[in-house]
Number of protein chains: 2
Amino acid sequence: MADGTERGDDTGDDTGYVNIWMRPERPSRGPRPAYSRAQITETAVRIADAEGLEAASMRRIAAEIGTGAMSLYRYVPGRDDLIQLMVDHVMGELDPPDRPSGDWRADLTLLAGRSRAMRLRHPWLSEAQHGRPSFGPNELRVLEFGVGALDLGLPIDDMLVLFGLVMGYVDSAVQDELAWEKEHRRSGLSKEGWMGRSAPYVHQLINSGEHPMLTRIVRDARQPHMGSEAAFRHGLERVLDCVQAALPPVPSLPFPSPPKPRHDDERTGEHG
Amino acid sequence: MADGTERGDDTGDDTGYVNIWMRPERPSRGPRPAYSRAQITETAVRIADAEGLEAASMRRIAAEIGTGAMSLYRYVPGRDDLIQLMVDHVMGELDPPDRPSGDWRADLTLLAGRSRAMRLRHPWLSEAQHGRPSFGPNELRVLEFGVGALDLGLPIDDMLVLFGLVMGYVDSAVQDELAWEKEHRRSGLSKEGWMGRSAPYVHQLINSGEHPMLTRIVRDARQPHMGSEAAFRHGLERVLDCVQAALPPVPSLPFPSPPKPRHDDERTGEHG
DNA sequence: CTCCATTGGGTACGTCGTACGCGGTTTAAT
DNA sequence: ATTAAACCGCGTACGACGTACCCAATGGAG
């Protein structure tokens, strides 16, 4: 173990910046750069949208811009950091309001809907996040809005759990929506072709009698027969019902008015 | 686009099998194979456990077994399918009981605890799943047990949403636990070193006054000061409270306790 | 027995991320 | 104004990667 690419124990890298957000885009000296992080990031996002994250290689991005691969390393420490820039860039598309409205359910519904649309536009996002938060500026804006909407008296740890539940649902729901498309890209089969090929396997599992839940999923689930957005909204309502149960009871407050910012709420929930 | 690795439009691959589970391990004719899918999968898992998923390359696995890289392709169509075998293999470690016990909360607690332990043993799992279900036998056993535990009168779609909430929480919680370790492996910094380097960035964000929730996370969150397992159990109880609220009211129980989730343990004096 | 499907394994191709170094350009310091 | 350091774009090169293709050896089916 640990034979080769290890560096020192405490230095990390040459610059000493621990993440991409602490590294300045350009120093003060030297000629003016021909490109920019934003341009590189947007190009990478465009390629990944069209052909997947793995297609957004350094060479491909550079070729799209019209330069050599190594030029990109003047702007970005490496590909992993560029991917973090891509993630935060598309997070900016959520464009949450500056402050929660006071109606937590409407706020989270808005955020979830925009997240779904954004994730459908950028199917590589789940793969690119793969766990680490990275605390980019746009990611922070989303966090502030979403967690702030749940600021109704719970401890911050519980607020984070609830916010994670909602965003986690959005992620997995969109992944399900994209599953057919991904499988198509992987196997070259259409949806009908995949169903036809899988039918023997699924039938074998069902006929074995050892998978009652799978049987019910195949036979009784209505999600495949609903519209994608309708299924998403339905599940989201269930998740928000769960969240609501974890929130402190709202109607009777024996204490003075909470410190939540009360905005004039003529925005009504857009639930169906 | 689509200039190179594209195949036909409807054939997919040579064999016609749509996923790895439909492809038989070995045909009837020819010499007896020297290795097996199980051996290859276990070797790959061992490498990924120790050095990450990307270290489990075909060449590396083959070298560990003591053969050439191309020999593995007699057992597995490609690396993506091998990763699916790895995922299902570690899913087998959950080893759920044959049938739910009747106490859905105990069952899901058991499954969540085993999932956390398993994911800590195999930190690459989240990266390897990256969205697609694949319906392997061990994955199906977990699905049958977990969803079956929630079979209390809800429609199957809602059961799936609730089960996904619980497993999604486990995933994200373990990812948080592993975040330090991953960052350490990436930057070569210790936890204290990372905190020291990030302090200026975090302080800048906090001092800007535009991130009240981040401020509360840094100042008030008790999770970093709890044990990892205690934090996990605490959040899990919150999630299960949410799930309970979505379940139909219990038909008959000896205890007439209302299903109201408790939202305040002992949170006293949160502001210093 | 013969036949040929299947075996393990080697070679080779195209791709990847990126370390390194070069000559030219810009700016801060003198 | 001069100089030297810092920074630019970019080409070359290296060691990986997944895997297509080819080969001789092998052993069950006829």
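What follows is a short chat about a predicted model, its helices, domains, core and loops.

Q: What kind of model is this, and what pLDDT do local features need?
A: The model is predicted: local features need pLDDT of at least 70, side-chain atom pairs count only at pLDDT 80 or more, and totals for chains, interfaces and linings use all residues. Residues are numbered from 1 along each chain as its sequence is written, while chains are lettered from A and ligands numbered from 1 in the order in which they are written.

Q: How many helices and strands does chain A have?
A: Chain A has 10 helices and zero strands. Helices (H or I, at least four residues) and strands (E, at least two) are DSSP runs, numbered from the N terminus. In order from the N terminus, the elements read α-α-α-α-α-α-α-α-α-α.

Q: What share of chain A is buried?
A: Buried residues are 32% of the 272 residues in chain A. A residue is buried if 20 or more other C-beta atoms lie within 10 Å of its own, exposed if 12 or fewer, and partly exposed in between; C-beta atoms are placed from the backbone.

Q: What about contacts in chain A?
A: Take the contacts between residues at least 6 apart in sequence: 70% of them join residues at least 24 apart. Two residues are in contact if their C-beta atoms, placed from the backbone, lie within 7 Å.

Q: What does UniProt list for chain A?
A: An unreviewed entry lists "domain: HTH tetR-type" for residues 34-94 of chain A. That span is 59% helix and 0% strand, with its end C-alpha atoms 29 Å apart. UniProt also lists a "DNA-binding region", again from an unreviewed entry, at residues 57-76 of chain A. Residues 57-76 are 40% helix and 0% strand, and their end C-alpha atoms are 13 Å apart. UniProt positions follow the numbering used here, feature names are shortened, and annotations may be inferred rather than shown by experiment.

Q: Which domains is chain A divided into?
A: Domain 1 covers 20-90 and domain 2 covers 94-246. Domain bounds come from an automatic or database domain assignment. The C-alpha centres of the two domains of chain A lie 29 Å apart.

Q: How many residues of domain 1 of chain A are in contact with domain 2?
A: 12 residues of domain 1 are in contact with 14 residues of domain 2 in chain A. On the domain 1 side, α1 (37-51) and α3 (79-91) of chain A are the elements that give two or more residues. The largest share, six residues, comes from α3(A). By class, that side has eight nonpolar, two polar and two charged residues. Here Ala, Val, Leu, Ile, Met, Phe, Trp, Tyr, Cys and Pro count as nonpolar, Asp, Glu, Lys and Arg as charged, and the others, Gly among them, as polar.

Q: Which residues of α1(A) are buried?
A: Among them are A:I40, A:V45 and A:I47. The buried residues of α1(A) pack against α2 (58-65) and α3 of chain A. After α1(A) comes A:G52, with a positive phi near 95 degrees.

Q: Over to chain B. What covers the buried residues of α3(B)?
A: The cover includes α1 (37-51), α4 (104-121), α5 (125-129) and α6 (137-149) of chain B. The buried residues include B:L82, B:L85 and B:M86.

Q: How many residues are in the largest nonpolar core?
A: That core has 106 residues. A nonpolar core is a set of buried Ala, Val, Leu, Ile, Met, Phe, Trp, Tyr and Cys residues joined through C-beta atoms within 7 Å. B:L165 is one of those with the most contacts inside the core. Leaving out residues up to four places away in sequence, B:L165 touches A:L165, A:Y169, A:V239, A:C242, B:V239 and B:V243.

Q: Where is A:F135 found?
A: A:F135 is in the loop between α5 (125-129) and α6 (137-149) of chain A. Its phi is positive, near 55 degrees, in a residue other than glycine. A:F135 counts as partly exposed because it has 18 C-beta neighbours inside 10 Å.

Q: Is B:P224 buried or exposed?
A: B:P224 counts as exposed, because it has 12 C-beta neighbours inside 10 Å. B:P224 sits in the loop between α9 (212-220) and α10 (228-246) of chain B.
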